[in-house]
Amino acid sequence: MREVAIIGVGMNDRWGELWEKSLRDLYVEAALRAIDDAGVDHIDSMYVACMSSGLFTGQEHVSSLLADYLGVAPIPAVRVESACASGGNALRLGWLEVASGASDLVLVGGVEKMTDVDGSQATLALAAASDFEWEAFNGVTFPGLYAMMARRHMHEFGTTPEQLAAASVKNHHNGTMNPVAQFQMEITVETVLNSVLVADPLHILDCSPVTDGAAAVILCPADQAKKFNSQPVKIAASAVATDAMALHSRESLVTIGSAKAAAEKAYKQAGVGPGEIDLAEVHDCFTISEICLVEDLGFTEKGKGGEFTESGATALDGRIPVNTSGGLKSKGHPVGATGVAQAIEVYKQLRGEAGKRQVKGAKRGLCHNMGGSGGTSAVHILEVM
Ligand code: COA
């Protein structure tokens, strides 16, 4: 297997409710920026991460559509769907294609156009990523599923609503320093606790929003990377794992088994442990998921995620800065694009290009991208070269 590097990245200027832009506009904008950033004159192959273009926009078969609009047809293009983990899974497939020697220049893009439908349709489209027969069919939405996980975490470990809110306050603070972020405003623990209750104990400010956006990266063999880019970033590990979709089929409501399994493989592949990670982008679709993930990725002990977050250990100047981009909570969560954008944040941090949210001396970062309530997790570890 060859080593693989990221040599170019691109996103839209700002994520959010982008009514003036269609799915294809969003994707082509991000992909062209990545191609331009890498300085390549062609790509060999493309992966498009997109969860539910059919339910959100009526459009399927988006891989060919986007290859055509990007002007790269007839190269092979494939859509990757694993709910909110589509981006992480696409990145792994792009990595495998370059690592195997099958292609030299691969574009991995992610896109979701979510705001052309109303809130109830968006909730139903997202609910298709749960075990539909057992969960969505019986009326449970994603905020409902994560609320059950939060209640159980509170019951088992004494986690408090204030500790959940601390993750949101931190991520909103980081998002004020990220021009791409959908919500660039400071909030406090009180603002979170006084915001409208969505599914007890989760308030609206515990939830990631509905977002339009796209993100893209260009991959190439690490030994060719410096031809294109003076500061490429190596993909030191790429791992994906799955778990039972339905919450009731899990051994525990408070352990995200797919995250643990993918992280274990990724740490082994990179030859490092959680203590050697300088920053992490984790899938904070709800505040409780960030609390569980800092535990399951090994940054703190099981049950201590709330306390760890409240102590400031995951702040920009903390022991392990988490979600320096603002995370899904503040940057936004256009589901298919999220996993790709996480890699872009770590790429920028490792190149020292993260502006006011820069983590000093960052050399190695981890991205964790999750589908549904944990049915899929993708973990990537990126390193300076
Ligand atoms: N955080 C902060 N503000 C939010 C927000 C969020 N998560 N969601 C909406 N808002 C704001 C909107 O910008 C709007 O502000 P405005 O009045 O100033 O324009 C206001 O709240 C109302 O927005 P609206 O879209 O009507 O909210 P909603 O009640 O329809 O949706 C949620 C709120 C939380 C239900 C929705 O964002 C949601 O479903 N989030 C979870 C998404 C999800 O499940 N993703 C997959 C994860 S696995």
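Student: Which helix gives the largest share of the lining of the largest pocket?
Tutor: This is a predicted model, so every answer here describes a prediction. Two helices, H5 (119–127) and H6 (142–157), each supply at least two residues of that lining. The largest share is 4 residues, and the helix behind it is H5.

Student: What is the volume of the largest pocket, and which residues are closest to its centre?
Tutor: The volume is about 510 Å³. The lining of this pocket has 25 residues. Closest to the centre come Pro-143, Cys-207, Ser-208, Pro-209 and Val-210.

Student: How many residues of each class are in the lining of the largest pocket?
Tutor: Sort the lining by class. The count for the largest pocket is 18 nonpolar, 6 polar and 1 charged.

Student: What is the volume of the second largest pocket, and which residues are closest to its centre?
Tutor: The second largest pocket has about 160 Å³. Its lining has 13 residues. By class they are 6 nonpolar, 6 polar and 1 charged. The closest to the centre are Glu-81, Ser-82, Ala-83, Ala-128 and Ala-129.

Student: What area is buried between domain 1 and domain 2, and which three residues of domain 1 supply more than any other three?
Tutor: The buried area is about 3,200 Å². Carbon and sulfur atoms give 67% of that area. On the domain 1 side, three residues supply 23% of what domain 1 buries against domain 2. They are Trp-15, Cys-84 and Val-233.

Student: How many salt bridges are there between domain 1 and domain 2?
Tutor: A salt bridge needs a side-chain nitrogen of Lys or Arg within 4 Å of a carboxyl oxygen of Asp or Glu. Between domain 1 and domain 2 the count is 0.

Student: Which element gives the most to the lining of the largest cavity?
Tutor: The search of the whole structure finds 1 cavity of 30 Å³ or more. About 60 Å³ of space lies in the largest cavity. Its lining includes Met-11, Asn-178 and Arg-357. The most, 4 residues, comes from helix H13 (residues 335–350).

Student: Where is Pro-74?
Tutor: Most peptide bonds are trans. The bond from Ala-73 to Pro-74 is cis, with omega near 15 degrees. Pro-74 lies in the loop between helix H3 (62–70) and strand E3 (77–80).

Student: Where is the place of Pro-201?
Tutor: The peptide bond from Asp-200 to Pro-201 is also cis, with omega near 15 degrees. Pro-201 has its place in the loop between strand E5 (197–199) and strand E6 (202–203).

Student: What is phi of His-61?
Tutor: Most residues other than glycine have a negative phi. His-61 sits in the loop between helix H2 (53–57) and H3. Its phi is positive, near 55 degrees.

How values were computed
Residues are numbered from 1 along each chain as its sequence is written. This is a predicted model: local features need pLDDT of at least 70, side-chain atom pairs count only at pLDDT 80 or more; totals for chains, interfaces and linings use all residues. Side-chain values use heavy atoms; hydrogens and water are left out. On a 1 Å grid over the protein atoms alone, a cavity is a set of points where a 1.4 Å probe fits but cannot get out, and a pocket is an open set with protein on both sides within 12 Å along at least five of seven lines; lining residues have an atom within 4 Å of a point. Grid points are joined across faces, edges and corners, and a volume is the space filled by probe spheres set on the points. Ala, Val, Leu, Ile, Met, Phe, Trp, Tyr, Cys and Pro count as nonpolar, Asp, Glu, Lys and Arg as charged, and the others, Gly among them, as polar. Buried area is the accessible area (1.4 Å probe) that two parts lose on being put together, summed over both.
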